[in-house]
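Here is a short briefing on one model. Please read it beside the sequence and the coordinates.

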Amino acid sequence: MNSQCKVTRSRHRRGAKLPVRLPIERMILAASLVVCAAWNSDAAQRRIYVVTDLEGISGVYKFAQTRETDTPAARQAREFFMGDVAAVVRGLRDGGATEIIVLDGHGNQAVLPELMAPGAKYITGLPRPETFPALDGTFAGVVFLGFHAMMGTSNGVLHHTQSSKTENRYWYNGVESGEIAQCAAVVGHFGLPVILVTGDEATCREAEKFLGQACVTVAVKKGIARESAMLYPPAETRPKLQAGARRAMSAIRQCQPYRLGLPIKARKEYLVFEGSSAPRRVTKEGTIPDALRLLGF
């Protein structure tokens, strides 16, 4: 394909005239130039943005691994995290990604700089001026790596939405939504599709519900209850993550951006703790003008 592009461009630059008696050559040349332009456009638009979380990583199944930062369990979970990230980066590169930005999306951060896989750039540290720094419409697609199911998913490992302690739940235009839908709506604002979601099996089912079956999913464990799981060995999950990322690059054209009807009618329920008394559940309702303000509600 690429050599043909060069040949047709060369003939076009030299101004070679095509015989009028053979109009089919004009058609072939025009079609060839269109194909070449499309091919080059695709190659230029293979920037991938990776949003990460920690709960859906291989080997992670209890909050002691995710809520802390300086314990042996927390350190080990972050090493697991970096291994999963490396596998996905390799797969995206295998599939033709020309640039990869990895966002450290876990609340207390998870990136270990000394274990950063080559072939990507990493955004970490807080606070940030925006939810997804450097994200814009020039990316070809977005990956959700290490995500988890929404609050209330009984067999979802470490299930929650935004806060596991206050047990937040969210509804947008009448549909209960977790972090997959929330983040997908934000990137959908830029016209970008989510092409890959990784996590436990419940996470993969949730991704298919909101994003469709064209979005590639990779399960790295199966939930039994909130803090118990059937874990799959990293020696098995990492090749699957790499293969899934490579496959996701081929699925970009089939994946569609996730968009919510505007304005967004929103409802939020969460627990409020007051002294020693039992927590009370509070409801907040309102209207969100666009998806970029979704996570601030």
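Buried means under 20% relative accessible area, exposed over 50%, and partly exposed in between (1.4 Å probe, protein chains only). By that scale G261 is partly exposed, with a relative accessible area of 43%. This is a predicted model: local features need pLDDT of at least 70, side-chain atom pairs count only at pLDDT 80 or more, and totals for chains, interfaces and linings use all residues. Residues are numbered from 1 along each chain as its sequence is written, and side-chain values use heavy atoms, with hydrogens and water left out.

- Helices (H or I, at least four residues) and strands (E, at least two) are DSSP runs, numbered from the N terminus.
- Seven strands make an open, mixed sheet in the order β3-β2-β1-β4-β7-β8-β9.
- β3 (121–123) and β9 (228–231) are the edges; each has a single partner strand, so one side of each lacks a neighbour in the sheet.
- Neighbouring strands of this sheet are turned by 25° against each other on average, direction ignored.
- Strands pair if DSSP finds at least two bridges between them.
- β2 (residues 99–103) and β3 are parallel, with three bridges; I101 stands opposite K121 in β3.

**Helices α4 and α7**
- Axes are lines fitted to C-alpha atoms, for helices over the stretch in contact, and angles run from 0 to 180 degrees between N-to-C directions.
- α4 (residues 72–94) packs on α7 (residues 234–250) at about 35°, with axes 7 Å apart.
- Contact means heavy atoms within 4.5 Å.
- On the α4 side the contact includes F80, A87 and L92; on the α7 side it includes L241, A245 and M249.
- α4 also lies across β1 (47–52), β2, β3, β4 (141–145) and β7, at about 160° to β2.

**Helix α6**
- In α6 (residues 201–211), A202, T203, C204, E206, A207, F210 and L211 are buried.
- Their cover includes β6, α5 (179–188), β7 (194–200) and β8 (216–225).
- α6 lies across β7 and β8, at about 150° to β7.
- G212 follows α6 and has a positive phi, near 90°.

**β5 and its partners**
- β5 (residues 169–172) runs antiparallel to β10 (residues 264–272), joined by four bridges; Y172 has A266 as its partner in β10.
- β5 also pairs with β6 (residues 175–177), antiparallel over three bridges, and here Y172 stands opposite V175.
- Two residues separate the strands of the β5 and β6 hairpin, where N173 takes a positive phi near 50°.

**The loop at G261**
- G261 sits in the loop between α7 and β10.
- G261 and A291 are 30 residues apart in sequence and 9.5 Å apart in space, C-alpha to C-alpha.
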